[in-house]
Amino acid sequence: MDTEKSEEFYNRLKQQLADSTVWPSNYLYKFIVPTEGGKIEQIQRIFDNTGAVIESKQSKKGNYTSISITVNRKNPEAVIEKYREVGAIKGVISL
């Protein structure tokens with residue numbers, strides 16, 4: 001992904017979150033992850049010790065897993081920080 005577009009995306013997201021939510025607030029992250037290869041565990045480690053509630057559901061064929069993570073964040077910057085950490089894992093789709 002083009003870094004410039006990523007920055008534009010994150011800046012727009014930050015503004016939308018600031019305008020639409022009173023912080024601190026719970027935030028719902030959703031990711032689609034290849035089931036094999038330890039990527040689910042990598043995402044779980046990113047959210048360790050945050051009080052996150054993590055739910056997962058495998059696709060019909062079991063190739064992919066949908067991960068929903070609800071966690072309290074103090075501000076839009078904290079939300080984006082986690083998106084950037086997860087975004088460093090190859091093959092993960094953020095919804």
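This is a guided tour of one structure, stop by stop, for use in a viewer.

The model is predicted: local features need pLDDT of at least 70, side-chain atom pairs count only at pLDDT 80 or more, and totals for chains, interfaces and linings use all residues. Residues are numbered from 1 along each chain as its sequence is written, and side-chain values use heavy atoms, with hydrogens and water left out.

**Stop 1: the aromatic rings**

Select Tyr27, Tyr29, Phe31, Phe47 and Tyr83. Ring pairs link these residues into a cluster. Rings of Phe, Tyr and Trp (its six-membered ring) pair if their centres lie within 6.5 Å; planes under 30 degrees apart count as stacked, over 60 as edge-to-face and the rest as tilted. The structure holds seven aromatic pairs. One of them joins Tyr29 and Phe31, which are stacked, with 6.0 Å centre to centre and 15° between the planes.

Are Tyr29 and Phe31 buried or exposed? Tyr29 is buried, at 0% relative accessible area. Phe31 is buried too, with a value of 0%. Buried means under 20% relative accessible area, exposed over 50%, and partly exposed in between (1.4 Å probe, protein chains only).

**Stop 2**

Go to Ser25 and Asn26. Ser25 lies in strand β1, and Asn26 is in that strand, which covers residues 25–34. Helices (H or I, at least four residues) and strands (E, at least two) are DSSP runs, numbered from the N terminus.

Ser25 counts as buried, at 17% relative accessibility. Asn26 is exposed, at 52%.

Show the contacts next (heavy atoms within 4.5 Å). Leaving out residues up to four places away in sequence, Ser25 touches Val71, Asn72 and Arg73. The side chains of Asn26 and Asn72 are joined by a polar contact of 3.3 Å. A polar contact is a pair of N or O atoms within 3.5 Å; within protein, one must be able to donate a hydrogen and the other to accept it, and residues adjacent in sequence count only if both atoms are side-chain atoms.

Draw a C-alpha to C-alpha distance from Asn26 to Arg73. These residues are 47 apart in sequence and 6.1 Å apart in space.

**Stop 2: the salt bridges**

How many salt bridges does the structure hold? There are four. The term means a side-chain nitrogen of Lys or Arg within 4 Å of a carboxyl oxygen of Asp or Glu.

Select Arg84 and Glu7. Their salt bridge has its closest N and O atoms 3.0 Å apart. Arg84 lies in helix α3 (residues 76–87) and Glu7 in helix α1 (residues 3–20), so the pair ties together parts that are 77 residues apart in sequence. Arg84 is partly exposed, at 37%. Glu7 is partly exposed, at 32%.

Select Lys14 and Glu77. Their side chains meet in a salt bridge of 3.1 Å, N to O. Lys14 lies in helix α1 and Glu77 in helix α3, so this pair ties together parts that are 63 residues apart in sequence. Lys14 is partly exposed, at 35%, and Glu77 is partly exposed, at 38%.

Select Glu8 and Arg12. In this salt bridge the closest N and O atoms are 3.7 Å apart. The two residues are four apart in helix α1, so about one helical turn separates them. Arg12 is partly exposed, at 43%.

**Stop 3: helix α3**

Stay on α3 and look at its start. A side-chain oxygen of Asn75 reaches to within 3.1 Å of the backbone nitrogen of Glu77. Which residues of α3 are buried? They are Pro76, Ala78, Val79, Ile80, Lys82, Tyr83 and Val86.

Check the span from end to end. The expected span is 1.5 Å times one less than the number of residues. For the 12 residues of α3 this gives 16 Å, and the end C-alpha atoms are 16 Å apart, which agrees.

**Stop 4: two backbone spots**

Most residues other than glycine have a negative phi, and most peptide bonds are trans.

Select Trp23 and Pro24. A cis peptide bond joins them, with omega about 0°. Pro24 sits in the loop between α1 and β1.

Finish at Asn49. Its phi is near 60°, a positive value in a residue other than glycine. Asn49 lies in the loop between α2 (39–46) and β2 (53–58). Asn49 counts as exposed, at 84% relative accessibility.
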